[in-house]
Amino acid sequence: MEMFFSPYSKAPAAKEWVKEVVSEENEEESNGVNLMEFSDEILLHILSYVPCTDLVLNVRRTCRKLATLCLDKSLTHTVLLQKDYKVNKDKVKQLMRDIGKEIYQLNMAGCYWLPSSTIDHVTRCKNLVKLNLSGCHVTSLRLSKMLSTLQHLRSLAIDVNPGFDASQLSSECKATLSRVSELKQTLYTPSYGVVPCCTSLEKLLLYFEILDRSREGFMLSGQLMVGESNVPHYQNLRIFYARLAPGYVNQEVVRLYLAVLSDRTPENLHAFLISAPGSFAETGATKNLLDSMARNVRLDALQLPKAWINGSGLLQHLKFNNPFYFSFSRCTLSGGHLIQRVINGGKDLKSLTSLNLSGCVHCLAPESLFRKAEDDIDSSILESLVVSCCNLRHLNLSAAHHHSSESIGNHLCQLLSRLKHLLSLALPVCSITDVAATVEKPPTAPSLVPQTFGRKVRIGIQAYPRNLADQANQKIESSVFWALMGSLRFLETLEIIGSSFSSAMPRNEPAIRNSLPPCVRAQSVGDSEVAAISQLTYLQSLTLAQLPSILTGSGLVNIGLQCQHLRTLSLANLGMMGKVVYMSALMDMLKHCKCLRDLRLEQPYFCAGAQFFQALSHCSSLQRLCIVSRSGTLQSDAVMSFMANCLEVIMCHMFMGESLTVCKNLQQSIVRSFQAERPALNVVIFPLLHEDLTEVIRDVPMRHLDEITLFKSRVAEEPPNLWW
C-alpha cells in the first residue's frame with residue numbers, strides 16, 4: 001500500500017518554476033537550452049505540481065504552447081481544491097465553466113470558506129465519477145439538485161449537518177445514490193444521512209462528530225426515527241470504517257448502523273475498523289456481529305474498540321487473508337497474545353504495512369498479569385514482530401512505557417533499525433534512552449527540578465552547538481537512537497512523545513490544569529537526541545512532546561539546517577515547565593524552515609513576542625499556526641505585523657493566558673484587516689482556561705481542528721489510502 005502524496009507539497013516551487021519557464025520563453029540559458037523547447041512530457045510533469053486553478057485561469061493564458069498543455073486530460077482529469085486556500089467562489093465558477101466537462105474527480109474537502117451556492121457550479125461536471133465535499137456547506141436541497149445531474153458518480157463524501165432531511169432528495173438524486181459504491185459521511189447530527197439510498201455500497205466510511213448537547217444546552221438523543229431505519233443490508237460491502245469523537249450520542253448512533261451488519265454480515269468484507277475513544281462497551285448485537293465475522297470472512301484490516309478485544313478470545317478466531325493494517329490502540333493485549341494470535345508465532349506477514357500499538361502498555365511483554373507498565377520489555381517479542389512484519393511502513397508504539405534491558409544488541413532502537421521501509425514512526429520518549437548512558441550518567445540539572453507549573457529555577461545554560469560537527473565532538477553518534485535515525489534515512493514522519501504526556505487543549509471538556517510528571521527513564525533525553533533527528537534528510541513531519549532534559553534546544557537548529565523538507569512541526573512541553581529554555585534555538589531554527597506549512601507550539605509561559613514572530617516570518621510557506629500556552633502572553637502588534645508579512649497564513653489559533661478582552665480585540669483586528677484578501681482565514685484567539693472554550697472549539701473547521709489544533713498521535717491512525 002503506497003502513501004498518498006499530495007502534489008501541493010511542491011506547488012509553490014513549481015509555480016515559480018513555471019514563471020521562470022514563461023519569462024524565458026524567448027531567451028536562452030547560458031548553455032543554449034530554451035526551456036520552452038523541453039518535450040511536452042517534461043512540461044506536463046512540471047505543470048502537474050501546479051494547482052489546477054492557476055493552470056486554467058492564469059498559466060494557460062501566457063502562450064499558445066502552455067494554453068494547449070494546461071488543458072491536457074492528464075491535468076484536468078483530477079482537480080484538487082482541498083488545500084488551495086486562495087480559491088474563491090468566482091474562481092470555482094470560472095474553473096467549472098472552462099473545464100467542467102473534463103473533470104472526472106473533484107476534491108473540495110475542507111473548503112469551509114466557500115458559500116453553499118458555490119456547490120451549484122459542480123453541476124457543470126457532468127462526467128464526475130468521484131466527488132469529495134467533506135467540510136463544505138451543503139443543504140439537502142442543494143445536494144439533491146447537484147446529484148440529480150451527476151449520473152456517472154460512484155464515489156461521494158459529504159457532511160450531514162443539523163437540518164438534513166432525506167425526504168427532500170429527489171428520485172433522480174436517489175437513482176444516482178443507488179449507483180454510488182463509495183460513501184464517506186461526517187455526521188454532526190443523529191442521522192442515517194444518505195446511506196439508505198446507497199444500495200450498492202462497497203466502501204462505507206463514517207465519521208461521528210455529534211455533540212451530546214445542542215448549542216442551546218439541550219441533551220441530544222442518539223435514537224433515530226423508525227421510518228429512517230431502511231438501511232440496506234450491505235451485501236456488497238468490502239470496507240467498513242467508523243471513527244467516533246468523544247460522546248455518548250456517537251456511540252448510540254453507530255450501534256444503529258452496526259445492528260444491520262449483525263443481521264447479515266457481508267461475505268466480501270475484508271476491512272472492519274472502528275476507532276472509539278474511551279470506553280465503548282460490547283453489546284449482544286456487536287458480539288453476534290463479531291462471531292459472524294469470525295465464521296464467514298477473512299480480513300485484511302482490523303481495528304476494534306479496546307473493550308471488544310480485552311479479555312476475549314476474539315483474535316484467536318478471526319481469520320486474516322493478506323492483512324495490511326492492524327490497530328490495537330489502547331488495548332491490554334500482551335506480547336504473547338500478539339505473537340500467537342495475530343502473527344501465529346512468527347507467521348510471515350510481509351503484507352502488513354501499517355501497525356498501531358499506541359497505548360498498548362503490555363504489547364512487548366509476554367503476559368500482562370502481574371507486570372508493571374514500567375518493567376523492561378521482552379526484546380524477543382519485538383524481534384519476532386520485526387522479522388515477521390519486515391515491510392512495515394507505519395508503526396506507532398507511543399503512549400506506553402517501552403523500557404529496554406541492558407542486554408547488548410536487544411535495545412528497542414537497535415531492533416527497529418531493521419525496518420528499512422519505515423516512512424512514519426511514533427515512539428515514547430523513554431524508549432529511546434541509551435540504557436548504559438542512564439546507568440553511568442549522573443542526573444542532569446532538569447531531572448532535579450520538579451516538573452511543576454510556575455516554579456522558575458535558575459540553572460546554568462551552556463551555549464548550544466550550532467552544527468553537526470560540534471555535536472560529533474560530544475560523541476553522541478554512538479547512542480542507539482542516533483544509530484536508529486541513521487538507518488531510517490527515508491523516514492518522513494517522526495513522533496517522540498512522553499509516555500505520560502497529555503495536552504492542555506481540550507476536545508469537549510475544560511482545559512487540563514495538571515500534567516503527569518515524565519517517566520524516570522525519559523529524564524536523560526534532551527538536546528543530543530533531538531540533534532540525532534537531523535539525519536532524516538527527507539523528514540516532512542516532526543512531533544516532540546515532553547522531553548524534560550532539553551537545556552538549550554540546540555538540536556532544533558540542526559533539524560532546521562538539515563531537514564529542508566520539513567512541513568509540519570509540533571513541539572510541546574520541552575525542558576522545564578516554568579521557562580521556555582529553548583526559545584533562542586527555536587528562533588534560529590525557524591529562519592531555515594522555508595518549507596514549513598504547519599507549526600504547533602504547546603508550552604506553559606510561552607511569550608509570543610516581537611522576536612519570536614520576526615523569526616517566524618522567515619517561514620515563507622507557513623499557512624497554519626497554533627499556540628497553546630497556560631499563562632502564556634502575546635504582543636498584539638507583533639501578531640498583526642506577522643500576519644501582514646506572511647501572506648500565506650490562513651489559520652491563526654492562540655490559546656493563552658491573556659484576558660478575554662485582549663484576545664477578542666486582537667482576533668477582530670486580524671479578521672478585519674486580512675479576511676478580504678484571504679477567503680480561507682480562520683482566527684481563534686481565546687483564553688485557554690476560560691469556561692467557554694469548548695463552545696469556541698466547536699466552531700473551528702474540522703480540517704484545522706483534526707489536523708493541527710488538537711494534539712494527538714497521527715502515525716498509523718487509519719489505514720493508508722483510506723480515502724482519496
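Q: Where is Ser502 found?
A: Look in the loop between S14 and helix H19 (527-532). Helices (H or I, at least four residues) and strands (E, at least two) are DSSP runs, numbered from the N terminus. A heads-up: this is a predicted model, where local features need pLDDT of at least 70 and side-chain atom pairs count only at pLDDT 80 or more, while totals for chains, interfaces and linings use all residues. Residues are numbered from 1 along each chain as its sequence is written, and side-chain values use heavy atoms, leaving out hydrogens and water.

Q: Why does Ser502 count as partly exposed?
A: Buried means under 20% relative accessible area, exposed means over 50%, and partly exposed is in between (1.4 Å probe, protein chains only). Ser502 comes out at 30%, so it gets the in-between label.

Q: What makes His394 buried?
A: Its relative accessible area is 5%, so it falls under the cut-off for buried. His394 sits in strand S12.

Q: How do you know that the side chains of His394 and Ser424 are joined by a polar contact?
A: A polar contact is a pair of N or O atoms within 3.5 Å; within protein, one must be able to donate a hydrogen and the other to accept it, and residues adjacent in sequence count only if both atoms are side-chain atoms. For this pair the value is 2.7 Å, so it passes the distance cut-off. His394 also stands opposite Ser424 in S13.

Q: Which residues of helix H23 are buried, and why are they said to line one face of the helix?
A: In H23 (residues 636-645), they are Ala638, Val639, Phe642 and Met643. Seen down the helix axis, they fall within an arc of 135° (taken from the directions from the axis to the C-beta atoms), so they line one face. The face turned away from that buried side carries the exposed residues Asp637 and Asn645.

Q: Why are the rings of Tyr85 and Trp113 called a tilted pair?
A: The structure holds 14 aromatic pairs. Rings of Phe, Tyr and Trp (its six-membered ring) pair if their centres lie within 6.5 Å; planes under 30 degrees apart count as stacked, over 60 as edge-to-face and the rest as tilted. Tyr85 and Trp113 have centres 5.7 Å apart and planes at 50°, so they're a tilted pair. Tyr85 is buried at 4% relative accessibility, and Trp113 is buried at 13%.

Q: What makes the pair Phe320 and Phe326 edge-to-face?
A: Their centres are 4.9 Å apart and their planes are at 75°, so the angle is over the edge-to-face cut-off. Phe320 and Phe326 are both buried.

Notes. Two strands pair if DSSP finds at least two bridges between them.
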